Amino acid sequence: MSRTLVIAEHDGQNLNPSTAKCVSCATAVGHECDIIVMGSDIREIAEQAAAIGGVGKVIAVNAEPLGNPLAVNFAAEVVAIADDYSHIMGPSTTFGRDLMPQIAARLGVNQVSDIAAVEGTHHFKRPIYAGNAIVDVTAPDAVTVVATVRVASWKAAGNDGTASIEERTASTGPSDHTRYIGLQSGGGERPDLQTAARVISGGRALGSEENFELIYSLADLIGAGAGASRAAVDAGYVPNDMQVGQTGKIISPDLYIAFGISGAIQHVTGIKDAGTIVAVNKDAEAPIFEIADIGLAADLFTVIPEMKALLS
Amino acid sequence: MKILVGIKRVVDYNVRIRVRSDGSGVDTDGVKMSINPFDEIALEEALRIREAGNAEEVIVVSLGGNECQQQLRTGLAMGADRAIQIDTAGRLQPLTIARAFLKLVEKEQPGLVILGKQAIDDDNSQTGQMLAALWDRPQATFASQVTLSDNQATVVREVDAGLETIEVDLPAVITVDLRLNEPRFVKLPDIMKAKRKPLDVIALDELGVTSENDLQFTHHAPPPVREKGIMVEDTAQLVAELKNRGLV
């Protein structure tokens, strides 16, 4: 049975673009691919999934207890249909990283994390050591391949699909040992970091939560997402969901502008796939200039207002 | 309640690693090794839970050869009560590690297993979730806040969309994120004291765990290098360059 199952990620209203990126990866493996959408009242999300190009069918598991993405409940539904698939893939977002190892362990297999390239049906490339080494991984072909897809490495599959939607009832009841309480969303209305075409980020040099308004105002002016270095998050200037880097978000915008970010290796690993990297830093020796396509050694507090004036 | 904490010996996070020229792996000869930073945070959390009177014993566990005793001793110096080395020569993969932890869990009956959310060497982020699945107990991954009450834990998780809160019954597996706490520094007298704390060695075979379905890591390469770009003199030049390239 050579067929790939992609786990859809969504927020209850919209399909996360990570799903279409996983489909690209699944398509590169060369098999037909299906998508499983789990949730409560998910008809529209299933339709969005069915519109992704190259998808065979969408399996919609609609059940009230699946309304919140608890790994324990989602894993049970995926494992219930796992026999039909040679490969099971999910995004290497926090959603997928929480869920996929649960599935792998239940199937008794190791997981291939962060697929950056497909070299064969069981042969992949992935980064390790914060992206400082790329390793070739071969998964055993006698068992199911369970993998997370490094979404920053893949372009979203097209939107020209007409897959059928198959409704499925939940195969198991919800767990009674884990309860979802709620989500406090940090970000406002700005574009999502992992899908934004442009991202403006600030570092510790911003100096305060108030000063981050400079970053936000420039981001809003050019329709960019707003990010931050770990140092700025640790200092409490911005919420955690803005962190870009090895332990935050790995992103691949067309344009990334870093203000007052020195360029620690852990940060750089999160932006390596950006189209153009721009760095503005007072310190002309900052390591970020080593990897920046365009660098400007200057004070961000001068540069940002000047940029706003020139761009508005 | 007992708390099990996993500790992995990894290349120190400040070291710039080098891929061996024959592609066989990453050069670790003579390189500074440390406790995986996330595991240090896991241990700190366990110690704070014990210090708050919610646990009696903190046990640090590492899988590896005798060299990982160095990291276990550091864990004991931070304040763990005892240590267990699961002795194995090979580099184990997360499924095997989770199975070994499960054996220890069956023996020690902890109320919590606290692990780092990922190791900074292979960046897998798998072991905690796999253990939870095999143990059939709750998982709370990427924790930035843990509150214990009445045999349950309320955990705030760092997720892409913000901060998610879940409630889990104990026993449970928690994997920790960076902002959960700041690990304490080890003091010299504690290092001396740690030498007298118990460190048990159990062979992996003794636990009845063997590796299966392992992935093969066939070749390592350095990442493609981004070419160094240009420096501009002022904001006007920067904006002009961005416009030239059609980026704004």
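Predicted model: local features only at pLDDT ≥ 70, side-chain atom pairs only at ≥ 80, totals over all residues.
Local features need pLDDT of at least 70 and side-chain atom pairs count only at pLDDT 80 or more, while totals for chains, interfaces and linings use all residues. Residues are numbered from 1 along each chain as its sequence is written, and chains are lettered from A in the order in which they are written.

**View 1. Seven strands of chain A form an open sheet.**
The order is E5-E9-E4-E1-E2-E3-E10, with parallel pairing (strands are DSSP runs of E of at least two residues, helices are runs of H or I of at least four, and both are numbered from the N terminus; two strands pair if DSSP finds at least two bridges between them). At the edges sit strand E5 (111-115) and strand E10 (164-168) of chain A, each pairing on one side only. From one strand to the next, the twist averages 25 degrees (angles run from 0 to 180 degrees between N-to-C directions, and axes are lines fitted to C-alpha atoms, for helices over the stretch in contact). Look for strand E1 (residues 3-7) and strand E4 (residues 87-91) of chain A, joined in parallel over 3 bridges; here A:Thr4 has A:His87 as its bridge partner in E4(A).

**View 2. Helix H4 (residues 94-107) of chain A lies across part of the sheet.**
The strands it lies across are E1, E4, E5 and E9 of chain A. Helix H4(A) runs at about 170 degrees to E9(A).

**View 3. Two helices of chain B cross at roughly 50 degrees.**
The axes of H3 (residues 94-108) and H4 (residues 127-135) of chain B come within 8 Å. That angle makes H3(B) oblique to H4(B) (under 35 degrees counts as roughly parallel, over 145 as roughly antiparallel, 65 to 115 as roughly perpendicular and the rest as oblique). The contact includes B:Phe101 and B:Leu102 of H3(B) and B:Met130 and B:Trp135 of H4(B) (residues are in contact if their C-beta atoms, placed from the backbone, lie within 7 Å).

**View 4. Chain B meets chain A.**
Here 65 residues of chain B are in contact with 72 residues of chain A. On the chain B side, E9(B) gives the largest share, 8 residues. Across the two chains, strand E8 (residues 133-138) of chain A and E12(B) pair in the antiparallel sense over 5 bridges. Within that pairing, A:Asp136 has B:His219 as its bridge partner.

Methods. Contact = placed C-beta atoms within 7 Å.
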